[in-house]
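User: I would like to go through this model by question and answer. Please start with the terms.

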Amino acid sequence: MNALILVDLQNDFTPSGALPVPEGDSIVPLSNQLQQKFDLVVATQDWHPSDHQSFAIQHEGRQPGELIDLHGIPQVLWPVPFVQETEEAQFIFNLDHSKVKRVFHKGQNPRIDSYSGFFDNDHQSSTGMGEYLRELEDEVFAVGLATDYCVHFTATDATEIEFRTIVISDATRGVNLQKGDVDRALVALQEQEVRILLSSELPRSLTKI
Ligand code: VGL
């Protein structure tokens with residue numbers, strides 16, 4: 001059986017958001033369409049407290065895009081995206097979420113980021129998504145934002161905890177803070193035995209993939 005994970009399809013990634021991803025909102029219609037093929041659809045949302053330490057503004061003299069050591073873990077500093085309960089943290093307005101069975105919030109601990117939908121970046125706390133999916137499915141597909149951060153980390157963790165993992169690459173878009181980040185993320189995923197497919201390569205029935 002298979003599940004689709006919609007990764008962080010949230011307003012702050014759209015062109016008017018705090019962390020616009022080039023063409024971030026363009027994948028919403030495809031993400032809507034793909035949901036129809038799946039037995040189960042779940043979603044993740046970044047859900048930061050307003051003083052989250054991944055925000056550059058929390059570190060005097062620092063700018064978004066800089067890399068720091070945050071309690072022993074490398075951390076890119078960001079503007080102020082995905083503050084919990086705000087409109088900017090909600091699903092992108094035209095995302096159909098009527099099939100979404102569960103939404104897993106991440107990044108709620110102000111001291112540590114959570115790019116993955118499964119665990120915080122130190123792998124100490126789980127969102128519960130792995131346990132939830134494990135009871136129901138053994139194969140997971142990921143779409144969403146951003147290819148080079150949350151999709152990458154979510155798919156890496158999925159394969160590490162032994163789901164068969166597929167990223168549908170045309171239903172993702174990346175930040176590309178450094179040119180080539182998206183391509184490097186996709187290569188790294190393949191090296192971790194994550195399959196990268198285009199939506200056009202998906203069979204009509206997903207049970208045989
Ligand atoms: C993300 C950068 C910062 C993501 C979240 O969802 O991919 N990227 N925060």
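Analyst: Buried means under 20% relative accessible area, exposed over 50%, and partly exposed in between (1.4 Å probe, protein chains only). This is a predicted model: local features need pLDDT of at least 70, side-chain atom pairs count only at pLDDT 80 or more, and totals for chains, interfaces and linings use all residues. Residues are numbered from 1 along each chain as its sequence is written, and side-chain values use heavy atoms, with hydrogens and water left out.

User: Is Asp181 buried or exposed?

Analyst: The relative accessible area of Asp181 is 15%. The cut-off for buried is under 20%. Asp181 is therefore buried.

User: With which residue does Arg184 form a salt bridge?

Analyst: A salt bridge needs a side-chain nitrogen of Lys or Arg within 4 Å of a carboxyl oxygen of Asp or Glu. For Arg184 the closest N and O atoms are 2.9 Å apart. Both partners lie in helix α4 (residues 181-191), three residues apart, about one turn of the helix; helices are DSSP runs of H or I, at least four residues, and strands are runs of E, at least two, numbered from the N terminus. The partner is Asp181.

User: How many residues apart in sequence are the parts that Lys106 and Asp8 tie together?

Analyst: The side chains of Lys106 and Asp8 meet in a salt bridge at 2.8 Å, N to O. Lys106 lies in strand β5 (residues 100-106) and Asp8 in the loop between β1 (2-7) and α1 (28-35), so the pair ties together parts that are 98 residues apart.

User: Where does Arg173 lie, and what is its relative accessible area?

Analyst: The side chains of Glu23 and Arg173 meet in a salt bridge at 2.8 Å, N to O. Glu23 lies in the loop between β1 and α1, and Arg173 in strand β7 (residues 164-173), so the pair ties together parts that are 150 residues apart in sequence. Arg173 is partly exposed, because its relative accessible area is 23%.

User: Which helix holds His152, and what is its relative accessible area?

Analyst: His152 is in helix α3 (residues 147-160). His152 is buried, because its relative accessible area is 16%.
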